[in-house]
Amino acid sequence: MTPGLTPPTAPLHSSGRDLEDISDQIDAVNVLLSSPTPTATTTAAGDPKPKANFRQYVTAPAQVQDFYKEQHEKQTLKFNLAARNAFHSKVRARMGIWEAMEKLNTLIDESDPDTSLSQIHHLLQTAEAMRRDGKPKWMQVTGLVHDLGKLLFFFGAQGQWDVVGDTFPVGCAFDPRIILAESFSGNPDTKHPVYSTEMGIYTPHCGLDNLLLSWGHDEYLYHVVKDQSSLPEEALAIIRYHSFYPWHREGAYRNFMNEKDWRMLEAVKEFNPYDLYSKSDAPPVVEELKPYYIELIDEFFPKKILDW
Ligand SMILES: [Fe+2]
Ligand SMILES: [Fe+2]
């Protein structure tokens, strides 16, 4: 830790392992929702529902439902602006990309090192799967870094709800295609005369760059790397929108898109399966892969030490 910088700590009520548990459960729900032949057709209460309405009735574990209820109630425009202000008000740490990967690994896994796949393994598996498929280097390195924003959890996050989970814009109506959208009823913005309207504070086809997306690991990392890397705009879109499932999977928020966003959508859709489906029980050998990825990191992060 650089002298003078705040040492990282998780929110008191929640550990890094708890964060990863809920993040894994959220991923599992997204795997189910992304499946072309869904098999789950029951509500959380176990009531059978018609397959045609599968998306509305997909089973989400109670813990995931509780998580989204809290997130959907607390992610207001007011909170979002405060989180952005807090982000710009200070530098939380200074470190290189590989160091950040190791840091995330340690912080999340130290309480329970033997369960599930580690953070560094997920990042390497995502990158390796793309490398095997001959995807360009910029995309491989994007896979390598895409979840580093979870460090936010240890940099003053209020809980899990402002770090992980599907993302959505604030300042306009919450689209019903957002997962468990009914839990927005407790969000005060749904009663606001402007924020509750379809366009809200935005204009038609203003471009997704201009939307305030819910605050979490995607948005945080995007702001960290956008001026501290030579990553192409597709890579930045993948980082910023990889949890924006209502947009990239469900087709919502098209009326905000500009021409560029359609190209970004293709990139995000290309990336998504590598995030969801590259998880396997055979962990990659970190030390063997490290030299290759250090080279990629050096190519796309010439600054070497980044402000976080
Ligand atoms: Fe993520
Ligand atoms: Fe991921």
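Asp147 touches Leu104, His122, Leu123, His217, His242 and Asp275, leaving aside residues up to four places away in sequence. Contact here means heavy atoms within 4.5 Å. This is a predicted model: local features need pLDDT of at least 70, side-chain atom pairs count only at pLDDT 80 or more, and totals for chains, interfaces and linings use all residues. Residues are numbered from 1 along each chain as its sequence is written, and side-chain values use heavy atoms, with hydrogens and water left out.

Where does UniProt place the feature "binding site"? The unreviewed entry puts it at His122, His146, Asp147, His217, His242 and Asp275. UniProt positions follow the numbering used here, feature names are shortened, and annotations may be inferred rather than shown by experiment.

Asp147 sits in the loop between helix H7 (137-145) and strand E2 (169-170). His122 belongs to helix H6 (residues 119-132). Asp275 is in helix H11 (residues 259-277). Helices (H or I, at least four residues) and strands (E, at least two) are DSSP runs, numbered from the N terminus.

Asp147 counts as buried because its relative accessibility is 4%. Asp275 is buried too, at 7%. His122 is buried, with a relative accessible area of 7%. Buried means under 20% relative accessible area, exposed over 50%, partly exposed in between (1.4 Å probe, protein chains only).

Side chains also pair up through polar contacts. Such a contact is a pair of N or O atoms within 3.5 Å; within protein, one must be able to donate a hydrogen and the other to accept it, and residues adjacent in sequence count only if both atoms are side-chain atoms.

| Side chain | Partner side chain | Distance |
|---|---|---|
| Asp147 | His122 | 3.2 Å |
| Asp275 | His146 | 3.1 Å |
| His122 | Asp275 | 3.0 Å |

Finally, the cysteines. How many disulfides are there? The count is zero, where a disulfide is a pair of cysteine sulfur atoms within 2.5 Å. The sulfur of Cys172 is too far for a bond, because the closest cysteine sulfur, in Cys206, is 8.8 Å away. Cys172 is buried at 1% relative accessibility, and Cys206 is buried at 17%.

How values were computed:
Chains lettered and ligands numbered in written order.
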